[in-house]
Amino acid sequence: MSTRIAFLKGHGTENDFVILPDPENAVDLPPAAVAALCDRRAGIGADGVLHVVRSAAHPEARAMAAEAEWFMDYRNGDGSVAEMCGNGVRVFARYLQRAGHAAEGDLAVATRGGVKRVHLAKNGDVTVGMGRARLPEGEVTVRVGEHSWPARNVNMGNPHAVAFVTDLAHAGSLYEPPPFTPAAAYPDGVNVEFVADRGPRHVAMRVHERGSGETRSCGTGACAVAVAAARRDGADPAVTGTPVTYTVDLPGGTLVITEHPDGEIEMTGPAVIVAEGELDADWLEGVPV
């Protein structure tokens, strides 16, 4: 009989994930296996994989084990490794709560982007401390077809190019990565956000996620968008001493982003576990490399 591997399926504002609980880091996850899991026809289907590992059992997270018991070993839908995923952290925390590894209240999660502070609220929302944004200098341009726009370079532990547009339809299908210049701005690729205004401190966005294509939501992208919008609007909490909050509408739902005077950014939104089951380990191991 084939060995079975437990999995769950969850989403945060419809940014969906396969969750693989693997406390001792015993499951081999080459890129091809991750891509097969995320395939929406031949696999389970997802934007990415949340590999749930104890920090002490993973070589990339052992140094964080004293601060955070659990490590989110996140993989993009194409199998590539990513530094961070904001919606993924919320779903990861919801899984830990469901599994009895965390309770309502505060929690620390280790990621390749550092230790993230999470709050599981009574109303079901999850708030994640996303760290501080970095705003690298230099002009960036993104292009879709005949359209091109200047973009704000924002780094949230992973790279983003934020372009403000009059119509989100101008972003096209976003199946392929939008070209950008200069190439040196993002040597490892970039997440590209297209943003339109909806009202005071209220924007809507679409996103091409590096390694996944267009997704229904992107947490780090929403944070990057809020920071870029605030600077465009002349708001900098470090200067004014007052927090700035933006509502960000995404195809899969709404996130609320607050930037504090110390630079810390908090993201609040839902996180849902929708199913659980078992994978056939023979199928997973038989995926062509």
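## Overall dimensions

What radius of gyration would a compact globule of 289 residues have, and what is the value for the protein chain? A compact globule with 289 residues would have a radius of gyration near 19 Å, and the protein chain agrees with this, at 19 Å. The structure is a predicted model. Along the principal axes, its C-alpha atoms occupy a box of roughly 60 × 40 × 30 Å.

The protein chain contains 5 helices and 18 strands. Of its contacts with a separation of 6 or more, 62% are between residues 24 or more positions apart.

## Surface and charge

Buried residues account for 51% of the 289 residues in the protein chain. The accessible surface is about 12500 Å², and carbon and sulfur atoms contribute 50% of that area.

Among the charged side chains, 25 are positive and 38 are negative. The centres of these two sets are 2 Å apart.

## Nonpolar cores

The largest nonpolar core holds 53 residues, within which Met72 and Ile257 touch the most other members. Helix H3 (residues 219-232) supplies the largest share of this core, with 9 residues.

The surroundings of Met72 can be described in detail. Leaving aside residues up to four places away in sequence, Met72 touches Leu50, His51, Met84, Cys85, Gly88, Val89 and Phe92, among others. The contacts of Met72 also include the run Val109, Ala110, Thr111 and Arg112.

## Helix H1 and its cover

Helix H1 spans residues 31-38, and its buried residues are Ala33, Val34, Ala36, Leu37 and Cys38. An α-helix has 3.6 residues a turn, so residues three or four places apart point the same way.

Which elements are included in the cover over the buried residues of H1? Among them are strands E2 (15-21), E3 (48-54), E4 (70-76) and E18 (272-280), together with helix H5 (281-285).

Most residues other than glycine have a negative phi, and most peptide bonds are trans.

Leu174, in the loop between strand E10 (159-164) and E11, has a positive phi near 60° although the residue is not glycine. Is Leu174 buried or exposed? With a relative accessible area of 3%, Leu174 is buried, because the cut-off for that class is under 20%.

The peptide bond between Thr181 and Pro182 is cis, with omega at about -5°. Pro182 is located in the loop between strand E11 (180-181) and E12.

Arg201 is a further non-glycine residue with a positive phi, here near 50°. Arg201 belongs to the loop between E12 and strand E13 (202-209). Its relative accessibility is 42%, so Arg201 counts as partly exposed.

## Gly199 in strand E12

Gly199 is part of strand E12 (residues 191-199). The relative accessible area of Gly199 is 31%, and the residue is therefore partly exposed. Between Gly199 and Val225 there are 14 Å in space, C-alpha to C-alpha, and the two are 26 residues apart in sequence.

Technical notes: Residues are numbered from 1 along each chain as its sequence is written. This is a predicted model: local features need pLDDT of at least 70, side-chain atom pairs count only at pLDDT 80 or more; totals for chains, interfaces and linings use all residues. Side-chain values use heavy atoms; hydrogens and water are left out. Helices (H or I, at least four residues) and strands (E, at least two) are DSSP runs, numbered from the N terminus. The radius of gyration is taken over C-alpha atoms; the globule rule is 2.2 Å times the number of residues to the power 0.38. Buried means under 20% relative accessible area, exposed over 50%, partly exposed in between (1.4 Å probe, protein chains only). Contact means heavy atoms within 4.5 Å. Accessible areas come from the Shrake-Rupley method with a 1.4 Å probe; for residues, only the protein chains shown count as cover. Lys and Arg count as positive and Asp and Glu as negative; His and the chain ends are not counted. The place of a charge is taken as NZ of Lys, CZ of Arg, CG of Asp or CD of Glu. A nonpolar core is a set of buried Ala, Val, Leu, Ile, Met, Phe, Trp, Tyr and Cys residues joined through side-chain atoms within 4.5 Å.
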